[in-house]
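Please keep the sequence and the structure in view while reading.

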Amino acid sequence: MFPLPLSDFEYYMLVDDRPSHPMVFVMTAQLLGAFQKPVLQQVLAELIDCHPLLKCTISEISGTGWCWTPQTSEITQNCLEWTDEDETSVAEFVPPVRVIDIKSRFGLQVVVRASPTRSRLFLYIHHACCDGIGGIQILGELLARYGQKTAAPGERQPVFD
């Protein structure tokens with residue numbers, strides 16, 4: 001399947017991506033209770049394995065053109081930024097605009113600001129990888145996977161498509 005040539009839309013998102021106008025959108029979730037970093041790392045790796053464009057960069061290949069190219073580096077370490085803070089800092093954090101150079105970095109970056117009682121989760125997603133509706137589905141799937149791992153025995157577990 002790889003290297004996979006870009007679709008016309010993906011190519012447009014690549015060439016229109018500029019530091020002044022990055023083709024990156026942000027999905028956010030506010031979570032109550034303690035958020036568990038090891039569980040998030042595990043479900044993030046599972047999620048990325050199920051969505052191959054999230055573990056690719058884009059490169060120009062002679063004779064083929066611009067293509068999705070899978071990377072083998074430790075994905076969750078490269079795309080997860082976790083900061084433990086107090087509750088006020090978590091509540092007041094405003095995510096900055098972020099540029100993702102899809103030629104050298106994965107198209108998904110995850111930022112967590114966590115306190116013992118609440119956390120905020122931010123997904124920065126490059127538009128070449130995913131559109132806004134897909135971003136909602138990615139966020140839902142990530143949280144459902146997390147809920148499946150953290151649900152108490154006998155509790156109803158979240159599901160996703």
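Two strands are taken to pair if DSSP finds at least two bridges between them. The model discussed here is predicted. Strands of a sheet pair through backbone hydrogen bonds, either parallel or antiparallel.

With that in mind, consider β5 and β6, which pair in the parallel sense over 5 bridges. Within this pairing, W82 has V112 of β6 as its bridge partner. V112 also has a bridge partner in β7, namely L121. The pairing of β6 with β7 is antiparallel and comprises 7 bridges, and these two strands form a hairpin with 3 residues between them. β7, which spans residues 118–126, is in turn joined to β2 by 9 bridges in the antiparallel sense; here L32 is found opposite R118 of β7.

Taken together, these strands make up an open sheet of 4 strands in the order β2-β7-β6-β5, with mixed pairing. β2 (24–32) and β5 (80–84) are its edge strands; each has a single partner strand, so one side of each is left without a neighbour in the sheet. From one strand to the next, the twist averages 15°.

How many of the residues of strand β6 are buried? In this strand, residues 108–114, the count is 7 of the 7, so β6 is largely enclosed by the rest of the structure. Burial applies to both faces of β6: L108, V110, V112 and A114 lie on one side, and Q109, V111 and R113 lie on the other.

T83 belongs to β5 and is partly exposed, since its relative accessible area is 24%, and the limit for a buried residue is under 20%. Leaving aside residues up to four places away in sequence, T83 touches V112, R113 and A114. The C-alpha atoms of T83 and V111 are separated by 8.1 Å, although these residues are 28 residues apart along the chain.

The helices can now be placed against this sheet. α5 lies across β2 and β7 and runs at about 30° to β2. α5 (residues 132–150) also meets α2 (residues 37–50): the two axes come within 9 Å and cross at roughly 130°. That angle makes α2 oblique to α5, and the crossing is right-handed. On the α2 side, the contact is made by V39, L40, Q42, V43, L44, E46, L47 and C50, and on the α5 side by I138, E141, L142, R145, Y146, K149 and T150. By class, this contact has 9 nonpolar, 2 polar and 4 charged residues.

A further open sheet consists of 3 strands in the order β1-β4-β3, with antiparallel pairing. β1 (4–5) and β3 (56–61) stand at its edges with a single partner strand each, so one side of each is left without a neighbour in the sheet. β3 is joined to β4 (residues 65–70) by 6 antiparallel bridges, and S59 stands opposite C67 of β4.

Finally, one loop deserves attention. P19 is located between α1 (8–15) and β2; with a relative accessible area of 71%, P19 is exposed. P19 and V99 are 80 residues apart in sequence, yet their C-alpha atoms are 6.2 Å apart in space.

Definitions and conventions: Residues numbered from 1 in each chain as written. Predicted model: local features only at pLDDT ≥ 70, side-chain atom pairs only at ≥ 80, totals over all residues. Heavy atoms only, no water. Axes fitted to C-alpha atoms, helices over the stretch in contact; angles between N-to-C directions. Parallel < 35°, antiparallel > 145°, perpendicular 65-115°, else oblique. Left-handed = near helix turned anticlockwise from the far one by under 90°. Contact = heavy atoms within 4.5 Å. Nonpolar A, V, L, I, M, F, W, Y, C, P; charged D, E, K, R; others polar. Buried < 20%, exposed > 50% of the residue type's maximum accessible area, 1.4 Å probe, protein only.
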